[in-house]
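Hello,

Here is the structure I promised to pass on. Have a look at it first, and my notes follow below.

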Amino acid sequence: MAVSAAPAVSSSLATRWTEVGGVRVPVELVTPGWPDPHMDLSTYDPEADLMALNMGPQHPSTHGVLRVKVWLDGETVVKAIPYVGYLHRGVEKLCEKLTYVQITPIVDKNDYVSPMMNELAVNMAFEAALGVEPPPRAQVLRTILAEIQRIASHLISVGTWGLDMGGAIGGGATVFLYCMRERELILDLFEELTGGRFHYNTHTVGGNRHDLPAGWDRKAIEVLDRIVARSEEYERFLVDNPICHQRARGIAVIDPLLAMECGASGPILRGSGVDFDLRRDAPYAAYDQVELRVPVRTEGDALARALVRIDELRESARVAKLLLQGVPEGPICALKPVKLPGAVKLQEGEQVYVGIESPRGELGTWLLANTDRKLGPHPYRLKIRPPSLHALSLLPYLCPGHTLSDVVVIIGSLDPILGEVDR
Amino acid sequence: MSLSDSFAAFGIGFRNLFRPKVTAPLPWKERRPRAERYRATFALVHDAHGDEACIGCKMCEKICPSQIIVVTGGPKAESPNTGKKRGWCADFTLDLNACIACELCVQVCPADAIVMLRVQEQPGFDRNELLLTMEKLYANEKLAEASWADGSKLIAMQEPGGATAAGGAGEGGA
């Protein structure tokens, strides 16, 4: 992780910085001690009459099938443990039975809010193992798709978080419905390009499967302009709303050192003042052709994470528009089009790790290649490192001391996608 | 809160009573137009000579990630229309219950026989209605407009040396 100059988009707070392990972090957020997630409840005040409560797995505001077991003293959380695994589908094991070209449509379903990122992550791993470089047109196309998908994902994240915080009473339902309306425009764009509204299967090993249709770039720029214009509105809904302020300001302040310890990345880390983004620090696809301004805020609370997402959304629109104006001509796939399941062959024992910046943080793929006579070339092991799982591991540290209603806000601000956590 | 405020509120309600509607009712009959490349359920097509295009080569069966396609190849025989000897498909089933609409079967088809359709939804009251047999697939050919993609167009679009394919492809304006 590189130490970079002052963050491009900093918050208005005057912040003093310190350096820990080569990483610049805001002094205000560094706390002396973290709550103990493995607290022995028998040592807790015996008069307190603790109550254990299971939130989930069917709770509507746990963003899926997350179960959080909370121990309550009155309304204050004493201890909180998240349990995952209710959406386990064995995707990684299934990938060991499939050949490389068949894996792309399967991993689409992992992070079901940004499927484009899953495809990109596994295909980049296959390409790295194969030593294939996609042609420039495919690189730019992938970057554009990834950025537009990031906008759609952040729209859902901000919208559902608004719903968590107040529903219809706090004005959250308005943000949610407006965000969904804008997301629909993006789904229409993808439908026109790939034919699928949500599970695209548009990336393949060595490039893309679908080329831009005529006039798509003009439509995309129009949609992006509209979303950027309306994003001011979402920010006003959140920042100018006193209910939102009371519920989110100062809630779940994350110590950047704790966040790094738990492996959190993406908006969670950037909301805590750590200036780290794989798109800029380890550029892949066509990110080296654009200058990315990474939004960083130093408050570290739930509201800061939402505002980082809105800033990122605008930045993504800027980058996508920039790239759409100069898509290079040429082929979209470096390899011959797939006609057989075993079209892509990797050397047995080939090992590679590739990490990309998904909307939730670092989405990694670790691959160990294998081949046998019956199945053909397939992964011996395909490990997916989901950013949401690492974000959820912060939960036991964040919840103690807050009230039960804050737990909903905290989960929403971490933005976990359970399909990706359990795989 | 005075009496005049109450009357003002009544006034607003009364005005809204005669305002034109801003919402539209849910369209029951007509369907919104889908994009050219939209892909949903499947069809098997006839070729230019009027023969069934499928040659029973089982490529789609091999590539399907969900393994939902079962093809039984028939013996080689002469085509009644062209007189040439070619392969035939004896039976073809596609289980739409487990289909993930990945379009790989369309891409690998060497005869451009299987295509996807631009219908929005095709619900059924029975799981058997989602099990597409050969008769249903050939009936689907006339049921709805086919999606843009077929095997040769998808291959041409991805060919490393080739130019962008015809029909909806190509560099856009702006």
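Let me start with one residue: at 2% relative accessibility, A:Asn201 counts as buried, where buried means under 20% relative accessible area, exposed means over 50%, and partly exposed covers what lies in between (1.4 Å probe, protein chains only). A:Asn201 is not a glycine, yet its phi is positive, at about 50°. You will find A:Asn201 in the loop that runs between helix H5 (172–194) and strand E6 (203–204) of chain A. Helices (H or I, at least four residues) and strands (E, at least two) are DSSP runs, numbered from the N terminus.

Before you go further, please keep in mind that this is a predicted model, in which local features need pLDDT of at least 70 and side-chain atom pairs count only at pLDDT 80 or more, while totals for chains, interfaces and linings use all residues. Residues are numbered from 1 along each chain as its sequence is written, chains are lettered from A and ligands numbered from 1 in the order in which they are written, and side-chain values use heavy atoms, with hydrogens and water left out.

Chain A

Chain A holds 15 helices and ten strands. For its 423 residues, a compact globule would have a radius of gyration near 22 Å, and chain A agrees with that at 22 Å. The radius of gyration is taken over C-alpha atoms, and the globule rule is 2.2 Å times the number of residues to the power 0.38. Along the principal axes, the C-alpha atoms of chain A fill a box of roughly 70 × 50 × 40 Å. Of the 423 residues in chain A, 61% are buried.

In the contact, 39 residues come from domain 1 of chain A and 42 residues from domain 2 of chain A, with contact meaning heavy atoms within 4.5 Å. If we take the contacts in chain A between residues at least 6 apart in sequence, 71% of them join residues at least 24 apart.

As for its surface, chain A exposes about 15600 Å², and carbon and sulfur atoms supply 55% of that. Accessible areas come from the Shrake-Rupley method with a 1.4 Å probe; for residues, only the protein chains shown count as cover. Chain A carries 43 positive and 53 negative charges, whose mean positions are 6 Å apart. Lys and Arg count as positive and Asp and Glu as negative, without His and the chain ends, and the place of a charge is NZ of Lys, CZ of Arg, CG of Asp or CD of Glu.

Two further residues of chain A are worth a look. A:Ala285 also has a positive phi, about 45°, although it is not a glycine, and its place is in the loop between helix H10 (278–281) and helix H11 (302–324) of chain A. A:Met180 sits in helix H5 of chain A and is partly exposed, with a relative accessible area of 27%. A:Met180 and A:Thr160 are 20 residues apart in sequence, and their C-alpha atoms are 9.4 Å apart in space.

Chain B

Chain B has five helices and five strands, which follow the pattern α-β-α-β-β-α-β-β-α-α along the sequence. Here the radius of gyration is 25 Å, whereas a compact globule of 174 residues would have one near 16 Å. The C-alpha trace of chain B spans about 90 × 50 × 30 Å along its principal axes. Buried residues account for 37% of the 174 residues in chain B. Its accessible surface comes to about 10200 Å², with 58% belonging to carbon and sulfur atoms.

Which strand of chain B does B:Leu131 lie in? B:Leu131 belongs to strand E5 (residues 131–132), and at 31% relative accessibility it counts as partly exposed. Not counting residues up to four places away in sequence, B:Leu131 touches B:Leu94, B:Asp95 and B:Lys136.

Finally, B:Pro20 is in the loop between helix H1 (3–17) and strand E1 (42–44) of chain B. At 64% relative accessibility, B:Pro20 counts as exposed.

Best wishes
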